[in-house]
Amino acid sequence: ANAELWSSREGDFSKARKRLERKPVSIERTKGSEILFGIAPCSLALSQSRRDLFRLFLKQSSGARRLIMSEFVLQATARGVPVHHVGRRELDTLCRGQVHQGVCLEATPLRFKSLEEAEKPDLGDEESPNRQLIWVVLEQIQDPMNLGALLRSAYFLGVDRVVTSQRNSCPLTPTVSKASSGAMEVFDVYSTDDLRSFLKAKAAEGWEVVGTVSKPEDVEDVPVISCLEFRWNKPVIIVIGSEGDGLSLETQLLCHRMLAIPPGRALHPGIESLNVSVATGILLHSICSQKLRHGD
């Protein structure tokens with residue numbers, strides 16, 4: 001009889017626990033905030049002073065993950081950010097089902113910097129004839145996963161600056177930060193509302209403006225070369241086009257040359273191009289490796 005009583009009580013406890021688990025605690029968001037998610041974005045946001053930080057949400061963890069969570073508590077305490085230990089469901093709700101790895105951070109959004117805010121000390125270096133500067137310009141990149149992957153590659157490979165067109169471009173969202181593995185938290189991203197005037201001005205200053213194309217036969221009036229043949233000895237801007245349409249014709253005509261990645265086989269129709277972030281990684285590696293070889 002005792003065993004039966006215990007079994008029914010255990011069943012009651014289990015039901016009650018499930019009811020509690022089904023109803024995650026609702027968390028009021030601070031006005032104007034967003035929820036960053038994932039270990040790298042949250043850790044790097046905590047280590048920088050580029051955002052206002054409101055609250056850190058952590059899942060109770062065990063094993064190796066427990067050590068990571070205790071590091072987060074130390075980081076947050078050092079910055080004066082309150083820490084809340086919550087369940088997985090609360091975290092899922094906070095970041096709308098994204099892969100949070102047990103960490104969410106409530107913070108103000110990051111904005112693009114305007115080119116007027118660009119650090120002026122760079123200019124002295126830019127005027128130096130041997131300075132191999134490389135900037136990446138993005139024309140209407142709309143997918144946050146692509147933008148994040150582009151920023152991660154640009155940061156890793158040593159790009160000096162990323163500039164994006166304001167019109168029809170993805171903003172700097174938490175998804176972009178996660179896709180960049182946190183590079184967005186440490187790497188300034190600039191934007192311009194007049195891409196063509198910007199490119200013309202840089203060309204007048206002596207920069208080489210280089211476009212990118214997946215089908216060389218589509219380009220008229222601008223020489224197209226393989227990225228393997230490209231050599232550079234002055235500051236260069238690599239212009240990357242949108243996912244669907246590539247570079248607009250007006251932007252193509254402002255380029256001195258266009259770069260293409262040679263395929264490794266005869267390609268079936270319909271799969272004749274690469275994902276934009278993958279293509280950019282290949283092009284940047286090809287170009288930045290020359291920078292590493294030659295030095296300043």
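At 0% relative accessibility, Cys 42 counts as buried; the word stands for anything under 20% relative accessible area, while exposed means over 50% and partly exposed covers what is in between, using a 1.4 Å probe on protein chains only. This is a predicted model, so local features need a pLDDT of at least 70 and side-chain atom pairs count only at pLDDT 80 or more, while totals for chains, interfaces and linings use all residues. Residues are numbered from 1 along each chain as its sequence is written, and side-chain values use heavy atoms, with hydrogens and water left out.

Cys 42 is in no disulfide, and the nearest cysteine sulfur, belonging to Cys 104, sits 6.3 Å away. A disulfide here is a pair of cysteine sulfur atoms within 2.5 Å, and a search of the whole structure turns up zero of them. Cys 288 counts as buried too, at 2% relative accessibility.

How confident is the predictor? pLDDT gives its confidence in each residue, from 0 to 100. The protein chain has a mean pLDDT of 84, and 84% of its residues reach 70 or more. Over residues 19–24, though, the pLDDT is below 50, and this stretch has five contacts in the model beyond near neighbours in sequence. A contact means heavy atoms within 4.5 Å.

On the overall build, the protein chain has 10 helices and 12 strands. These are DSSP runs numbered from the N terminus: helices are H or I with at least four residues, and strands are E with at least two. Of the chain's 296 residues, 43% count as buried. Among contacts between residues at least 6 apart in sequence, 87% join residues at least 24 apart.

Next come the cores. In soluble globular proteins, nonpolar side chains tend to be buried together. A nonpolar core is a set of buried Ala, Val, Leu, Ile, Met, Phe, Trp, Tyr and Cys residues joined through side-chain atoms within 4.5 Å. The largest one has 32 residues, and those with the most contacts inside it are Ile 134, Leu 138, Leu 147, Leu 151, Val 162, Phe 230 and Leu 284. Strand E6 (134–138), helix H6 (144–157), strand E11 (236–240) and helix H10 (276–294) are the elements that give two or more residues to this core. Leaving aside neighbours within four places in sequence, Leu 151 is in contact with Val 162, Leu 172, Val 176, Ser 180, Ala 183, Met 184, Phe 187 and Val 189. Apart from this core lies another, of 21 residues, including Tyr 190, Leu 195, Trp 207 and Cys 255.

Leu 199 lies in helix H8 (residues 195–204) and is buried, with a relative accessible area of 1%. Not counting residues up to four places away in sequence, Leu 199 touches Val 137, Val 209, Ile 237, Val 239, Thr 251 and Leu 254. Leu 199 and Cys 255 are 56 residues apart in sequence, but 8.5 Å apart in space, C-alpha to C-alpha. Gln 252, found in helix H9 (residues 249–252), counts as buried at 12% relative accessibility.

Gln 101 has a positive phi of about 55° although it is not a glycine, and it lies in the loop between helix H4 (88–94) and strand E4 (103–107). Gln 101 is partly exposed, with a relative accessible area of 30%. Asn 168 also has a positive phi of about 55° without being a glycine; its loop runs between strand E7 (161–165) and helix H7 (174–179). At 39% relative accessibility, Asn 168 counts as partly exposed.

On a 1 Å grid over the protein atoms alone, a cavity is a set of points where a 1.4 Å probe fits but cannot get out, while a pocket is an open set with protein on both sides within 12 Å along at least five of seven lines; lining residues have an atom within 4 Å of a point. Grid points are joined across faces, edges and corners, and a volume is the space filled by probe spheres set on the points. The largest pocket has a volume of about 780 Å³. Its lining has 34 residues, of which Val 213, Ser 214, Lys 215, Ser 273 and Leu 274 lie nearest the centre. H10 gives the largest share of that lining, four residues. The structure holds one cavity of 30 Å³ or more, and the largest cavity has a volume of about 40 Å³.

Terms used. pLDDT is the predictor's confidence in each residue, from 0 to 100.
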